[in-house]
Amino acid sequence: MPIERIAVGLTVNGCAVEQWIDPCAMLLDVLHELGLSGTKKGCEMGACGACTALADGRRIVSCLALAASYAGAAITTIEGVGTPDELHPLQEAFIDHDALQCGYCTPGQIMSALGLIAEGCCDRATIREGLSGNLCRCGAYPRIVAAVAEAAGL
Amino acid sequence: MSGERARRIEGALKVTGRAEYAGEVRPDGMLHAALVQAEITCGDVVGIDDSAARHTPGFVDQVSYDDARSLAPSTATALIREPVVHFPGQPVGLTAADTLLAARTAAARVRVDYVERPSVAAIDQALDEAYAPAMAGRIIGASHRGDPAVALTGAHLVVRNRYQTAVNNHHPMEPHVVVCWWEGEQVVVHTSTQAVYGTRAIIAHALAMPADDVRVVCRYLGGGFGCKGQLWWPWMLWTLTASKRTGRPIRLELTRAQMFTLVGRRQETVQDLAVGFDATGRLVAIEHDVLAQTSTHGEYCDTTAEVSRRLYACPNVRTLHRLVRTNEPQPIPMRAPGTAPGTFALESALDEAAEQLGIDPVELRVRNFADHDHDADVPWSSNSLLQCYQVAADRFGWAQRPASATVVDGRWRIGWGMATTCYPAHRQPCRVRVRLQPDGTIVVQCGTQDMGSGTYTVLAQMVADALGVPLSQVTVELGDTLLPEGPFSGGSQVTASMFPAARQATDALRAQLAELGMGHDETLADAVQRIAPDGIEAEGAATANADIDVRCMSFGAIFTEVGVDADLAEIRVRRVTAAFATGRVLNPLLTESQHIGGLIGGIGMTLLEQTVTDRSSGRIIGDNLADYLVPVHADMPEFDIALIDEDDTYLPGGVKGVGMLGTAGIQAAIANAIHHATGTRVRHLPIRIEDLLHELPATTPGALPSMSE
Ligand code: FES
Ligand code: FES
């Protein structure tokens with residue numbers, strides 16, 4: 001049973017890429033094949049949020065996103081948000097508030113928060129609710145919410 | 001500088017996704033590996049047929065017991081050398097293929113034949129085989145002082161109960177991973193580990209190689225909490241074996257489901273505890289018997305009853321740990337090992353006693369304060385527990401504590417509870433190298449690793465402080481066995497271990513510069529250019545602690561407010577106020593993060609986390625992060641953390657460990673608050689809705705007492 005590969009055109013962080021992928025490959029694995037390792041794998045079943053990315057501005061768990069079905073979509077990953085020398089205000093707020101420890105959940109928290117801010121969040125309770133799909137085993141939660149609230153201008 | 005709320009120095013790399021975790025190196029030609037897992041509970045592997053697997057497109061190799069037989073026998077190699085199944089899901093082989101999908105497909109096609117044997121899938125199925133291990137963690141398993149049996153008979157009040165805690169799994173967000181490749185006779189191993197040096201030693205021993213031919217790298221570690229250690233080694237070694245034979249780099253990453261069985265767990269406990277008091281509330285006797293699970297291939301026992309030996313002043317104490325071997329996964333330390341389940345029992349019992357004696361729970365603990373370690377009969381290096389009670393009680397507003405089960409806030413019944421926490425302060429051998437670069441910047445190197453606790457930042461702070469340079473001038477390198485040997489990340493001891501070594505290295509560097517003629521008012525940057533244009537470096541080395549005449553421990557007091565829904569019995573922690581005394585605080589910002597994270601882990605253990613085993617097959621039920629509940633954003637209370645700075649002149653730099661403290665004590669503080677809210681005493685963890693649903697008394701609305709600051 002030969003595994004066939006198909007060509008898929010994606011736009012990742014503003015760059016158009018064409019990649020030969022397994023038809024059942026998940027977007028998360030394709031991102032890794034592209035050398036973008038900032039999007040993390042924590043559970044591979046949509047239960048932890050570590051793999052959160054934005055597709056046309058909406059947050060998705062990329063471990064459950066069939067890559068082939070995102071042909072033509074604009075994907076944003078953590079690599080497209082800011083660089084160490086030019087941090088996004090939310091990234092700056094994460095560092096100021098010490099909203100991270102091991103840092104493994106952090107890209108997912110940030111992508112999810114960016115999506116949430118775009119969806120509109122009015123108070124800390126909404127932030128807590130809206131980010132509850134992003135697990136942090138180090139327990140940085142209160143400081144993540146503080147950072148997101150600051151970036152959201154609350 | 002030390003004591004400064006310095007931001008995490010690797011923060012910018014982590015928030016931009018640029019920090020490279022072990023599984024993210026992608027060498028050319030890399031294969032992916034998958035594990036073949038046993039379908040039986042207990043027995044022998046008598047045949048492995050991989051002919052179907054070999055037909056999988058992309059298949060490259062399969063390794064199993066025969067391929068590991070040449071490895072040196074040890075606990076790290078036993079499970080991959082001996083074809084014996086001890087628990088369901090135990091790996092019996094590993095496949096390697098061009099893609100992960102192909103490796104998994106091939107693994108599913110490997111046919112394994114077994115001869116099954118009768119199994120024990122729960123501790124109550126083999127109670128008559130319980131035995132007392134010599135050691136519980138690093139302490140003797142049994143202890144005895146005075147005559148507790150007689151003292152209990154004559155006590156004014158005896159509280160005697162059984163307390164139970166569930167199996168928990170660590171679940172760091174980063175799954176265990178290894179990417180390894182051979183360069184001739186040398187091997188490079190990128191792996192998620194709490195001990196790069198420990199891992200190097202295991203590989204060198206197993207493969208009979210010189211340690212210098214093994215390089216282990218873990219620059220960033222996505223959490224560990226105790227599970228990124230020895231139980232991962234067998235599967236990592238199989239990957240190395242396959243890499244050697246295929247001549248290709250190989251990557252093995254565990255699935256979340258495998259992290260329930262292959263990398264350790266917090267053992268369940270059944271604790272029989274009796275505490276006796278005189279009429280004034282002074283402890284006269286403690287008997288603490290612990291029964292816990294271990295596997296059929298390894299022995300591990302948490303130090304669960306240790307708190308009963310030394311937390312309070314008590315003349316008559318007997319403790320005992322016993323284990324039952326079952327065909328379940330092997331337990332290992334998990335954040336706050338021993339103190340988490342142990343304080344749950346002891347601090348719940350004290351709350352029960354306080355109520356029955358009519359003494360305030362804080363006052364009862366103050367009356368039983370141990371002014372020295374009664375178990376070893378030695379002084380504390382420092383103990384600021386009384387101050388912790390006072391500060392935390394004031395900030396919480398404890399003085400306004402209302403009578404039990406009287407306060408209602410809307411649909412919520414409100415309760416307050418408190419408990420004590422503690423953890424031993426240890427140190428390990430450590431070497432640190434400090435290099436002054438030609439441009440005047442500093443590079444610090446240590447072969448420990450940063451689990452997320454802030455090791456990069458505090459090491460930079462120590463060195464910047466000692467050399468009088470800004471933190472921005474200091475770069476830290478960790479997580480590589482090419483660096484000087486550093487400690488494993490566990491037992492809250494890395495910071496304390498690094499401090500004396502870093503200080504020695506900076507002192508040596510200064511001495512060298514002085515010898516070369518550095519001027520008194522010269523800056524390091526000017527001096528290095530003038531007298532050592534190629535740069536200059538120095539090393540420091542410190543030994544483990546061998547405290548015999550003194551006991552070193554961190555202490556804390558934790559106060560909680562919970563709400564219990566009057567109709568649905570949903571339990572919510574509303575606020576947590578805690579005071580922790582951990583010697584000298586090097587970085588309050590990062591220290592608070594550690595405490596909050598620790599407390600959140602404890603909230604998980606108290607209200608959510610439970611690994612459930614099928615009682616006939618020993619299989620884990622719900623081995624995923626949807627069924628194994630952990631705390632999420634929406635569960636968070638308000639935290640108020642007080643750091644009590646101590647001047648401990650005995651410890652080098654006055655530094656004690658931080659990471660474990662919040663994960664103990666909180667369990668009883670919550671259980672005691674639930675009792676205060678509802679009148680129901682729950683003596684097992686986790687405490688869930690079903691424990692309170694049937695017992696809620698009728699509500700009479702009352703006012704919430706006003707809180708002080
Ligand atoms: S890896 Fe996608 S949700 Fe966990
Ligand atoms: S920072 Fe470690 S999991 Fe969130």
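B:C388 has a relative accessible area of 0% and is therefore buried; buried means under 20% relative accessible area, exposed over 50%, and partly exposed in between, with a 1.4 Å probe and protein chains only. The structure is a predicted model, in which local features need pLDDT of at least 70, side-chain atom pairs count only at pLDDT 80 or more, and totals for chains, interfaces and linings use all residues. Residues are numbered from 1 along each chain as its sequence is written, chains are lettered from A and ligands numbered from 1 in the order in which they are written, and side-chain values use heavy atoms, with hydrogens and water left out.

A disulfide is a covalent bond between the sulfur atoms of two cysteines. Here a disulfide is taken as a pair of cysteine sulfur atoms within 2.5 Å. By this rule there are 0 disulfides over all chains. B:C388 takes part in no disulfide, and the nearest cysteine sulfur, that of B:C422, is 11 Å away. In chain A, A:C43 counts as buried because its relative accessibility is 8%.

Chain A contains 5 helices and 5 strands. Helices (H or I, at least four residues) and strands (E, at least two) are DSSP runs, numbered from the N terminus. The order of these elements along the sequence of chain A is β-β-α-β-β-β-α-α-α-α. Along the principal axes, the C-alpha atoms of chain A fill a box of roughly 50 × 30 × 25 Å. Of the 154 residues in chain A, 55% are buried.

Contact means heavy atoms within 4.5 Å. Among the contacts in chain A between residues at least 6 apart in sequence, 54% join residues at least 24 apart. The accessible surface of chain A is about 5800 Å², and 53% of this belongs to carbon and sulfur atoms. Accessible areas come from the Shrake-Rupley method with a 1.4 Å probe; for residues, only the protein chains shown count as cover.

Helix α5 of chain A, residues 141–151, is mostly covered, with 8 of its 11 residues buried. The buried residues are A:Y141, A:R143, A:I144, A:V145, A:A146, A:A147, A:V148 and A:A149. They pack against α2 (89–96), α3 (106–119) and α4 (124–130) of chain A, together with α16 (588–607) of chain B. After α5(A) comes A:G153, which has a positive phi near 75 degrees.

Chain B contains 18 helices and 28 strands. For its 709 residues a compact globule would have a radius of gyration near 27 Å, and the 27 Å of chain B agrees with this. The C-alpha trace of chain B spans about 75 × 75 × 50 Å along its principal axes. In chain B, 65% of the 709 residues count as buried. Of the contacts in chain B with a separation of 6 or more, 82% are between residues 24 or more positions apart. The chain exposes about 24000 Å², with carbon and sulfur atoms supplying 50% of it.

B:V179 lies in strand β11, residues 177–183, and is buried at a relative accessible area of 0%. Leaving aside neighbours within four places in sequence, the contacts of B:V179 include B:A22, B:G23, B:V188 and B:I250. B:V658 lies in the loop between β28 (638–644) and α17 (666–678) and is buried at 16%. Not counting residues up to four places away in sequence, B:V658 touches B:S492, B:T582, B:T591, B:Q594 and B:H595. B:V658 and B:S554 are 104 residues apart in sequence, and their C-alpha atoms are 7.7 Å apart in space.

Some backbone features of chain B were also recorded. B:H171, in the loop between β10 (157–165) and β11, has a positive phi near 50 degrees although the residue is not glycine. B:H171 counts as buried at 2% relative accessibility. B:A569, in the loop between β24 (553–565) and β25 (571–581), is also a residue other than glycine with a positive phi, near 65 degrees. B:A569 counts as buried at 0% relative accessibility. A cis peptide bond with omega about -5 degrees joins B:L685 and B:P686, and B:P686 lies in the loop between α17 and α18 (689–692).

How values were computed
Rg over C-alpha atoms; globule rule 2.2 N^0.38 Å.
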